[in-house]
Amino acid sequence: LTTPKNFESAQEIADHMREGRAVLMNFEGTDYEIARRIVDFISGVAYALEGGIKKVGQGVFLCAPQGVEVTYDVRSNFKSSDTAEWDDRDFEKYFNQ
């Protein structure tokens, strides 16, 4: 679990993914523009590693490289409205509260 506060955190998250580890990112308290840049960057990393990134809660994203099996359904702890695929509207709604 990481709570990125600056864009430099993206490198560390990417390194974890390159080493085959999943990362749970909590953007609570993170500046909107920084969080957006990190999500964009990590989305690219996930694509390059044939992995994925999913919104699992409000402002919380799970990213994992290919071959990492997530066996716990973290979405069961959130309301159904929080578990849909995230899009720009969701992202802006969270950070513009």
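This is a predicted model: local features need pLDDT of at least 70, side-chain atom pairs count only at pLDDT 80 or more; totals for chains, interfaces and linings use all residues.

Guide: Residues are numbered from 1 along each chain as its sequence is written, and side-chain values use heavy atoms, with hydrogens and water left out.

Visitor: In what order do the elements of the chain run from the N terminus on?

Guide: Helices (H or I, at least four residues) and strands (E, at least two) are DSSP runs, numbered from the N terminus. The chain has three helices and three strands. Their order is α-β-α-β-β-α.

Visitor: Which residue caps the N-terminal end of α2?

Guide: Helix α2 covers residues 32–48. A side-chain oxygen lies 3.2 Å from the backbone nitrogen of Glu-33, and the residue supplying that oxygen is Asp-31.

Visitor: Which residues of α2 meet α1?

Guide: From α1, the residues involved are Ala-10, Ile-13, Ala-14 and Met-17. Contact means heavy atoms within 4.5 Å. Their partners in α2 are Ile-38, Phe-41, Ile-42, Val-45 and Ala-46.

Visitor: Are α1 and α2 roughly parallel or roughly antiparallel?

Guide: Axes are lines fitted to C-alpha atoms, for helices over the stretch in contact, and angles run from 0 to 180 degrees between N-to-C directions. The two helices pack at an angle of about 20°, with their axes 10 Å apart. Angles under 35 degrees count as roughly parallel, and over 145 as roughly antiparallel. That makes α1 and α2 roughly parallel.

Notes: The expected span of a helix is 1.5 Å times one less than its number of residues. A polar contact is a pair of N or O atoms within 3.5 Å; within protein, one must be able to donate a hydrogen and the other to accept it, and residues adjacent in sequence count only if both atoms are side-chain atoms. Angles under 35 degrees count as roughly parallel, over 145 as roughly antiparallel, 65 to 115 as roughly perpendicular and the rest as oblique.
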